[in-house]
Amino acid sequence: MNSHRPKPDLTLVNLIHHSLRADAARLAATVTALDPSDQPGRLPAIRAFFDQYRGQLTMHHTHEDELFFPALEARVGASRMHLSELDSQHEALDAAVHAASDRLAILADPAGDFAADRAQAVGALSAMADLLDARLALEEQTALPLTESEMPAAHYKRLEIRARKQTPRPRAQFMIPWLIAPATPSQQQALFRSAPPLRLFYWLNRRRYRHLDQALTPAAVPPVGEHQTWSSQSPRQKALPAEGTLRCRRSCTRPPTPQNRSRPRSRTRRTGSRPSGRRSRPWAARS
Ligand SMILES: [Fe+2]
């Protein structure tokens with residue numbers, strides 16, 4: 001291939017992989033820290049977040065299976081992109097996600113043994129996170145580099161547009177702020193440029209997303225960049241300070257971005273703690 005041709009912009013898939021990894025770990029850490037008093041209030045919010053997370057994972061795999069991987073296979077062949085391994089990992093991951101969902105449902109049963117059910121739920125979520133990481137790592141070692149080297153940017157762009165059109169609106173309402181929250185400014189701009197309505201869509205849906213996101217603990221956020229096994233377009237590692245030098249802007253969740261550092265807008269963003277007198281249980285159901 002011509003080394004001077006435009007390469008596909010893989011910003012979106014990189015952000016999806018990042019958020020999938022980060023929140024698998026956060027879900028496991030969140031459930032680990034639960035106690036029985038969380039069962040009636042916080043656990044339903046965690047399950048609501050998990051349902052959204054599961055929807056994003058399912059949709060991502062559907063787009064890969066129906067759009068991106070067939071297009072890449074036509075260019076490079078199945079063996080070169082390790083398609084059979086990707087497919088088998090996909091099936092194993094589906095089963096793990098299903099098991100994690102079942103375990104969270106069992107944990108919500110007030111008649112159950114909370115400690116035992118919590119341990120089972122944590123085990124299921126951890127297994128899901130491990131399988132997810134293996135699946136994404138293989139994709140990042142095979143399919144994504146081949147996409148970048150072998151697929152014309154215009155072709156990849158058309159696939160992304162088709163994927164976007166196939167995304168149900170409720171999925172997009174979670175997805176856009178979910179991806180934007182941890183993105184660097186350059187990644188945010190790249191994503192907004194890819195489809196101008198995304199910027200407005202983000203602003204319209206970010207509060208609803210934050211409400212869901214606050215059910216999860218910030219403790220499981222992986223060190224910035226550590227989990228990104230492949231990306232030739234990842235300015236995040238260069239742009240951010242070392243782990244632990246910033247607090248996340250939403251008292252939660254995401255690896256900090258340069259925006260956190262340069263433009264504090266509220267006490268929450270400056271300190272990482274919620275102002276006193278505000279809602280103390282952000283995961284509580286909205287009235
Ligand atoms: Fe992927």
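Two residues are in contact if their C-beta atoms, placed from the backbone, lie within 7 Å. The legends below use that rule. The model is predicted, so local features need pLDDT of at least 70, side-chain atom pairs count only at pLDDT 80 or more, and totals for chains, interfaces and linings use all residues. Residues are numbered from 1 along each chain as its sequence is written.

**View 1. Trp178 sits buried in helix H7.** Trp178 belongs to H7. Helices (H or I, at least four residues) and strands (E, at least two) are DSSP runs, numbered from the N terminus. Trp178 is buried, because 25 other C-beta atoms lie within 10 Å. The cut-offs are these: 20 or more other C-beta atoms within 10 Å of a residue's own means buried, 12 or fewer means exposed, and anything in between means partly exposed, with C-beta atoms placed from the backbone. Which residues does Trp178 contact, leaving aside its neighbours within four places in sequence? They are Ser19, Gln56 and Tyr209. Asp213 is 35 residues from Trp178 in sequence, and their C-alpha atoms are 8.6 Å apart.

**View 2. H7 meets H9.** The two axes come within 8 Å and cross at roughly 95 degrees. Axes are lines fitted to C-alpha atoms, for helices over the stretch in contact, and angles run from 0 to 180 degrees between N-to-C directions. H7 and H9 are therefore roughly perpendicular to each other. Angles under 35 degrees count as roughly parallel, over 145 as roughly antiparallel, 65 to 115 as roughly perpendicular and the rest as oblique. On the H7 side, the residues that meet H9 include Phe174, Pro177 and Trp178. On the H9 side, they include Phe201, Tyr202 and Tyr209.

**View 3. H1 packs against H2.** How do the axes of H1 and H2 cross? They come within 11 Å and cross at roughly 150 degrees. That angle is why H1 is roughly antiparallel to H2. H1 passes H2 in a left-handed crossing. A crossing is left-handed if the near helix is turned anticlockwise from the far one by less than a right angle, and right-handed if clockwise. H1 brings Ile16, Leu20, Asp23, Leu27, Thr30 and Val31 to the contact. H2 brings Ile46, Phe50, Tyr53, Leu57 and His60.

**View 4. H2 also meets H5.** H5 covers residues 143–150. Its axis and that of H2 come within 10 Å and cross at roughly 65 degrees. The crossing of H2 and H5 is left-handed. Phe69, Leu72, Arg75 and Val76 are the H2 residues here. They meet Ala143, Leu146, Thr147 and Glu150 of H5.

**View 5. The largest nonpolar core has 41 residues.** A nonpolar core is a set of buried Ala, Val, Leu, Ile, Met, Phe, Trp, Tyr and Cys residues joined through C-beta atoms within 7 Å. Those with the most contacts inside this core are Leu27, Ala28, Ile46, Phe49, Leu125, Met128 and Leu179. H1, H2, H3, H4, H7 and H9 each supply at least two of its residues. Which helix gives the most? H4 does, with 8 residues. Leaving aside its neighbours within four places in sequence, Leu27 is in contact with Phe50, Tyr53, Leu125 and Leu216. Another core lies apart, with 10 residues, among them Val13, Phe69, Ala143 and Tyr156. In soluble globular proteins, nonpolar side chains tend to be buried together.

View 6. Gln120 is found in H4. Is Gln120 buried or exposed? Gln120 counts as buried, because it has 20 C-beta neighbours inside 10 Å. Its C-alpha atom is 6.6 Å from that of Arg103, 17 residues away along the chain. Pro170 is found in H7. With 10 C-beta neighbours inside 10 Å, Pro170 counts as exposed. Pro170 and Gln52 are 118 residues apart in sequence, yet 9.4 Å apart in space, C-alpha to C-alpha. His82 is in the loop between H2 and H3. Its phi is near 55 degrees, a positive value in a residue other than glycine. Most residues other than glycine have a negative phi. His82 counts as partly exposed, with 17 C-beta neighbours inside 10 Å.

**View 7. The whole chain, with its confidence.** The protein chain has 12 helices and 0 strands. Of its 287 residues, 33% count as buried. The average pLDDT is 80, and 75% of the residues score at least 70. pLDDT is the predictor's confidence in each residue, from 0 to 100. Over residues 219–287, pLDDT stays under 50.
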